[in-house]
Amino acid sequence: MDLASATDNFSETRKLGGGGFGAVYRGYLIDLDMTVAVKKISRGSRQGKKEYITEVKTISQLRHRNLVQLIGWCHDRGEFLLVYEYMPNGSLDSHLFGNKSPLNWAARYKISLGLASALLYLHEEWEQCVVHRDIKSSNVMLDSHFNVKSGRKSVDRMRENSEMGLVEWVWDLYGKGKLELAADERLDMNFDQRQIECLMIVGLWCAHPDRNFRPSIRRAIQVLNFETALPYLPTKMPLTDPFFSWGYLYFFFHLQFPICLKY
């Protein structure tokens, strides 16, 4: 099998990562002179097979500069394999929570705009709406120029013995006019003040407990590009909506403290 040869028979030394549905390996296709990422679905994983079918039927048709391209697929003798373009800088979480050098502010803002562009394409610009239900930093991949394809974690409690979560903490700082205190200390204050405040306010807007006040991704992009004014938000975080969604929260907040998709 060509993919077995390309990955040195799925050697552990070629393994890029893994999850509940399978593992991803770095491979090299000699005929195409191309480095690729090969996802091998775990045998017996029903959910993994469903994901495989979805990828082949739907994701293979998507074309956007910020979406990882599905190059090919293979199913034979009970093996289900997906082949993607390779992202040399790995996942966003490895830069935010791992031992790699922290991303500078320009890279973080560039990533946020790339993610927003990908979401706009999926939500409104393709022939049918695609909703990504697993937006998190480990699903955001970065190419050699830190273009996105798709600290503190968003569910962390901010103090010991405290029920205050990340959103409440940032909203509290917003109400006090001290949003800069939420910035990632590793940035060492080297950031664009206007951009970082804009991104955090848009993040709060998208994480608003009342879903009726949350923006579409198009409106969020307009604000991030400074094409329209920042939204007005109450100084105190409103009561939580029982249908609160964390999706946009992951998107925006993994970028600055450090908190914020490659597909």
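Tyr25 stands opposite Val38 in strand β3. The model is predicted: local features need pLDDT of at least 70, side-chain atom pairs count only at pLDDT 80 or more, and totals for chains, interfaces and linings use all residues. Residues are numbered from 1 along each chain as its sequence is written, and side-chain values use heavy atoms, with hydrogens and water left out.

Tyr25 and Val38 belong to the pairing of β2 with β3 (residues 34-41), which is antiparallel and runs over eight bridges. Helices (H or I, at least four residues) and strands (E, at least two) are DSSP runs, numbered from the N terminus. Two strands pair if DSSP finds at least two bridges between them. β2 and β3 form a hairpin with four residues between the strands. Asp33, in the turn, has a positive phi of about 50°.

Axes here are lines fitted to C-alpha atoms, for helices over the stretch in contact; angles run from 0 to 180 degrees between N-to-C directions.

The remaining strand pairs follow. β1 (residues 15-18) is joined to β2 (residues 22-29) by three bridges, and the two run antiparallel. Gly18 stands opposite Ala23 in β2. β3 and β5 (residues 79-85) also run antiparallel, joined by five bridges. Val36 faces Glu85 of β5 as its opposite residue. β4 pairs with β5 in the antiparallel sense over six bridges. Here Cys74 stands opposite Leu81. Two residues lie between the strands of the β4 and β5 hairpin, where Arg77 takes a positive phi near 55°.

Helix α6 (residues 193-206) has 14 residues. Ten of the 14 residues are buried, so α6 is largely enclosed by the rest of the structure. Buried means under 20% relative accessible area, against over 50% for exposed and in between for partly exposed (1.4 Å probe, protein chains only). The buried residues include Ile196, Leu199, Met200 and Trp205. At the start of α6, a side-chain oxygen of Asp192 reaches to within 3.0 Å of the backbone nitrogen of Arg194.

α6 packs against helix α7 (residues 217-224) at an angle of about 165°, with the axes 10 Å apart. That makes the two roughly antiparallel. The cut-offs are under 35 degrees for roughly parallel, over 145 for roughly antiparallel and 65 to 115 for roughly perpendicular, with the rest oblique. The crossing of α6 and α7 is right-handed. Helix α4 (residues 105-125) also packs with α7, at about 150° and with axes 9 Å apart. α4 and α7 are therefore roughly antiparallel as well. Their crossing is left-handed. A crossing is left-handed if the near helix is turned anticlockwise from the far one by less than a right angle, and right-handed if clockwise.

Leu233 lies in the loop between α7 and α8 (247-253). Leu233 is buried, with a relative accessible area of 2%. The C-alpha atoms of Leu233 and Tyr174 are separated by 9.0 Å, although the two residues are 59 apart along the chain.

Note on methods. Expected span 1.5 Å × (residues − 1). Polar contact = N/O pair within 3.5 Å; in protein donor to acceptor, adjacent residues only side chain to side chain.
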